[in-house]
Amino acid sequence: MTKGKLLLLGALMSFAGAAFSAPATTATPSGIQAYEEQEFIADFTKFKIGDTAPALYQTPEYTIKQYQLRNLPAPDAGTHWTYMGENYVLIGDTDGKIHKAYNGDIFYHR
């Protein structure tokens, strides 16, 4: 091959490689949706979004106040984060209804 063809071939291969190594985009900027759970187990019971958390997890002792340190989004008004069976769970302040749950591994998300 001539020098020009080799340079052209090299350029084409590098562009093709760059196309396949492009970073994947996610639906949210932080990528925490990968940790979201629709159902989980705590205290030998299966829970899902919409269920009511046991009264124990609705107490101030289980309320997570430093949610940012655990890579959790800010709770919506009238809700708070709690920890149930290795999962972070967003529950209603008055009714204990489960609004959202994240796998506990979100703590290590960077």
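# Briefing: strands, turns and buried residues

T82 sits in strand 4, which spans residues 79-84. The model that shows this is predicted. Along the sequence, they follow the pattern α-β-β-β-β-β-β.

**The protein as a whole**

- The protein has 110 residues, and 28% of them count as buried.
- The accessible surface comes to about 7600 Å². Carbon and sulfur atoms account for 61% of that surface.
- Take the contacts between residues at least 6 apart in sequence: 45% of these join residues at least 24 apart.

- Is T82 buried or exposed? T82 is buried, because its relative accessibility is 0% and the cut-off for buried is under 20%.
- The side chain of T82 reaches the backbone oxygen of Y57, at 3.2 Å.
- Leave out residues up to four places away in sequence, and T82 touches Y57, Y62, I64, N87, Y88, V89 and I91.
- Among these, N87, V89 and I91 point one way from strand 5, while Y88 points the other way.

- Strand 5 covers residues 87-92, and six of its six residues are buried.
- Strand 4 and strand 5 run antiparallel and are joined by six bridges. In this pairing, W81 stands opposite L90 of strand 5.
- Strand 5 also runs antiparallel to strand 6, residues 98-103, with five bridges between them. Here N87 has N103 of strand 6 as its bridge partner.

**Two hairpins**

- How many residues lie between strand 4 and strand 5 in their hairpin? There are two. G85 in that turn has a positive phi of about 50°.
- The hairpin of strand 5 and strand 6 has five residues between the strands. In this hairpin, G96 takes a positive phi near 70°.

**The loop between strand 3 and strand 4**

- I64 belongs to this loop. I64 counts as buried because its relative accessible area is 11%, and the limit is under 20%.
- I64 and W81 are 17 residues apart in sequence. In space, their C-alpha atoms are 5.2 Å apart.
- Beyond its neighbours within four places in sequence, I64 is in contact with R70, W81, T82, Y83 and Y88.
- D51 lies in the loop between strand 3 and strand 4 too. Its side chain reaches the backbone nitrogen of K48 at 2.9 Å.
- With neighbours within four places set aside, D51 is in contact with K46, G96, K97 and I98. One of these, G96, has a positive phi in the hairpin of strand 5 and strand 6.
- N71 is another residue of the loop between strand 3 and strand 4. N71 is not a glycine, yet its phi is positive, near 65°.

**F44 in a loop**

- Where is F44? F44 lies in the loop between strand 2 (39-42) and strand 3 (45-48).
- F44 counts as exposed because its relative accessibility is 87%, and exposed means over 50%.
- F44 is a residue other than glycine with a positive phi, near 60°.

Note on methods:
Residues are numbered from 1 along each chain as its sequence is written. This is a predicted model: local features need pLDDT of at least 70, side-chain atom pairs count only at pLDDT 80 or more; totals for chains, interfaces and linings use all residues. Side-chain values use heavy atoms; hydrogens and water are left out. Helices (H or I, at least four residues) and strands (E, at least two) are DSSP runs, numbered from the N terminus. Buried means under 20% relative accessible area, exposed over 50%, partly exposed in between (1.4 Å probe, protein chains only). A polar contact is a pair of N or O atoms within 3.5 Å; within protein, one must be able to donate a hydrogen and the other to accept it, and residues adjacent in sequence count only if both atoms are side-chain atoms. Contact means heavy atoms within 4.5 Å. Accessible areas come from the Shrake-Rupley method with a 1.4 Å probe; for residues, only the protein chains shown count as cover. Two strands pair if DSSP finds at least two bridges between them.
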